[in-house]
Amino acid sequence: MTVITVTAPAGRLTGEQRRRLARTLTDAVLVPEIGRFVEAARVGFQVHFVEPPPDMMAIGGVLLSDSGADAMHVDVAVMEADWTPDVRAEVITRVLAAMAEACGLEQAPPGWWVNFRVIEEGSWGSRGGVLSILDLLDSGVFSAERAEAIRKKLL
């Protein structure tokens, strides 16, 4: 289960860009998380868009409404698993690339940031209770290699 929250100043993203990002950001995390693309796994991903007015965001102590700077923040919250530095870097790179592509840019500007947060085992709730990634490993969604790596890390 993964929640991706995109915070951008109101009006920065069009409806079409949000539609595209809902899919491409899901894929940017889904593939590294489960080890392959599986359409059925999409249900375990949510993308939230938060769009405060430009006078509610600042870079360097200056409101965006005053500076015109381009700032966005993406928070990726994932269940504890085998998140090696290489896999985290892949996710962050894929997220920034998806953001840039949706906005018609060759690369993400320096005011766009990504946080990668791991929610530790036993700290994620769904379906009326606590959910464990271990419960999901036998669902057939994870690649065998990814499932084994997660089991080794958590057991």
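This is a predicted model: local features need pLDDT of at least 70, side-chain atom pairs count only at pLDDT 80 or more; totals for chains, interfaces and linings use all residues.
**Entry 1: the core**

I started with the largest nonpolar core, and it has 43 residues. Leu25, Val76, Val95 and Met99 are the ones with the most contacts inside it. Helix H3 gives the largest share, seven residues. I noted a general point beside this: in soluble globular proteins, nonpolar side chains tend to be buried together.

Then I picked Leu25 and asked which residues it touches, not counting those up to four places away in sequence. My list reads Ile4, Val6, Val47, Val95, Ala98 and Met99.

**Entry 2: helix H3**

At 1.5 Å a residue, its 18 residues should span 26 Å, and the end C-alpha atoms are 26 Å apart, so the two agree.

Which residues of H3 are buried? I wrote down Val87, Val91, Val95, Ala98, Met99, Ala100 and Ala102. Their cover includes E1, H1, E5, E6 and H5.

**Entry 3: an aromatic pair**

I searched the whole structure for aromatic pairs and got one. The ring centres of Trp83 and Phe116 are 5.0 Å apart and the planes sit at 70°; over 60 counts as edge-to-face, so that is what I called this pair. Trp83 is in the loop between E5 and H3 while Phe116 is in strand E6, so the pair ties together parts 33 residues apart in sequence.

Are these two buried or exposed? Trp83 has 5% relative accessibility, so I put it down as buried. Phe116, at 14%, counts as buried too.

**Entry 4: Phe142**

My last stop was Phe142, in the loop between H4 and H5. Its relative accessible area is 9%, so Phe142 is buried even though it's in a loop. Leaving out neighbours within four places in sequence, I found Phe142 in contact with Glu33, Ile34, Arg36, Ile133, Leu136, Leu137, Ala147 and Ile150. I also compared its position with Val91, 51 residues away along the chain: their C-alpha atoms are separated by 16 Å.

Definitions and conventions:
Residues are numbered from 1 along each chain as its sequence is written. Side-chain values use heavy atoms; hydrogens and water are left out. A nonpolar core is a set of buried Ala, Val, Leu, Ile, Met, Phe, Trp, Tyr and Cys residues joined through side-chain atoms within 4.5 Å. Buried means under 20% relative accessible area, exposed over 50%, partly exposed in between (1.4 Å probe, protein chains only). Helices (H or I, at least four residues) and strands (E, at least two) are DSSP runs, numbered from the N terminus. Contact means heavy atoms within 4.5 Å. Rings of Phe, Tyr and Trp (its six-membered ring) pair if their centres lie within 6.5 Å; planes under 30 degrees apart count as stacked, over 60 as edge-to-face and the rest as tilted. The expected span of a helix is 1.5 Å times one less than its number of residues.
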